[in-house]
Amino acid sequence: MRALFVGNRDRILEEYDSRPLAYVRTTMTPHPSHPTPHRLIPTGPASFAEGSGLSPQQWWEVVAPPAELASKVHALIPASGVLEVEQLERLAGDIAADAAIWEPLVIVDENRRRYRLLYDDDRLDVWVLSWMPDQGTGFHDHDLSGVGLSCAQGEVCEKQMLLPAGTSDVAMTAGVTRNGLPGYIHSVAHAAGTPAVTIHAYSPPLVRVGQYRVDENGVMHRSIAHGRQELLDHSIAAVDPARA
Ligand SMILES: [Fe+2]
């Protein structure tokens, strides 16, 4: 096992790398700044859209960032180690401020939320998400990954569950940034713009997500999903309108 991370996250990394992941690590075309890169890829297309009822997106297109754009992102990344969430937030904001980096990866699709990988290495991955009306993630967490996000265009609404009822409601317009530690639970949904565009940076790279759903008895469950699977809204709001 490679020692990818620093400080008190070494212990977390050991758990992170030892669990039975639905991924394999593979060597792909070297990034100019990373002579021996590794990328996380799914073991097959079936794992990508399993349970979604949707056809997989063109996977290799989704996870193949153009080298020129990846190089621009690399120039913005701190030198070493796992990024703290404040660093991820700053990185997401810096990328959002430069449309030349993210605009080539924007996709307009009324039928499904689109996302494209902008950069990845052993320390982090960065994504460009395009949001059209009625598209949202539902409540989820990022497992062991910290997250920084920013809005580059349009507007999205970010929510966190409040107990005993309700949600927070953060309007993210262009230039607004947020961050969340590992375990951070939130939902993101389109609010304005066709499309709205957001930048999401994760460190360590996003391997798993926890998706929250409520069964017919009102019991909430966390299901673990592939970190690169399309998140869908599992309608906690349908059984609890206070969280709409
Ligand atoms: Fe998220």
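Modeller: A residue is called buried if 20 or more other C-beta atoms lie within 10 Å of its own, exposed if 12 or fewer do, and partly exposed in between, with C-beta atoms placed from the backbone. The model is predicted: local features require pLDDT of at least 70 and side-chain atom pairs count only at pLDDT 80 or more, whereas totals for chains, interfaces and linings use all residues. Residues are numbered from 1 along each chain as its sequence is written.

Biologist: Why is N111 called exposed?

Modeller: N111 has 8 C-beta neighbours inside 10 Å, and therefore counts as exposed, the limit being 12 or fewer. N111 is placed in the loop between α6 and β3 (114-120).

Biologist: What makes residues 177-180 a strand, and which way do the residues of β8 point?

Modeller: Strands are DSSP runs of E with at least two residues, and helices are runs of H or I with at least four, numbered from the N terminus. Strand β8 covers residues 177-180. From β8, T177 and N179 point one way, while R178 and G180 point the other way; all are buried.

Biologist: Why are β6 and β8 said to pair?

Modeller: Two strands pair if DSSP finds at least two bridges between them. Strand β6 (residues 146-159) and β8 have four bridges, in the antiparallel sense, so the pair meets the definition. Opposite T177 in β8 stands S150.

Biologist: How many residues does α5 have, and what span is expected of this helix?

Modeller: Helix α5 (residues 85-96) has twelve residues. The expected span is 1.5 Å times one less than the number of residues. From its first C-alpha to its last, α5 reaches 16 Å, close to the expected 16 Å. Its buried residues are V85, L88, E89, L91, A92, G93, I95 and A96. Among the elements covering them are α4 (67-74), β4 (125-131) and β9 (185-203).

Biologist: What makes a set of residues a nonpolar core, and which residues touch the most other members of the largest one?

Modeller: Such a core is a set of buried Ala, Val, Leu, Ile, Met, Phe, Trp, Tyr and Cys residues joined through C-beta atoms within 7 Å. The largest has 40 residues, of which W102, L118 and I199 touch the most other members. Two or more residues come from each of α4, α5, α6, β3, β4, β6 and β9. Contact means C-beta atoms, placed from the backbone, within 7 Å; leaving aside residues up to four places away in sequence, I199 touches residues including A92, I95, W102 and L149.

Biologist: What is the confidence over residues 1-54?

Modeller: The predictor's confidence in each residue, pLDDT, runs from 0 to 100. Over residues 1-54 pLDDT stays under 50, whereas the chain averages 79.

Notes:
Two residues are in contact if their C-beta atoms, placed from the backbone, lie within 7 Å.
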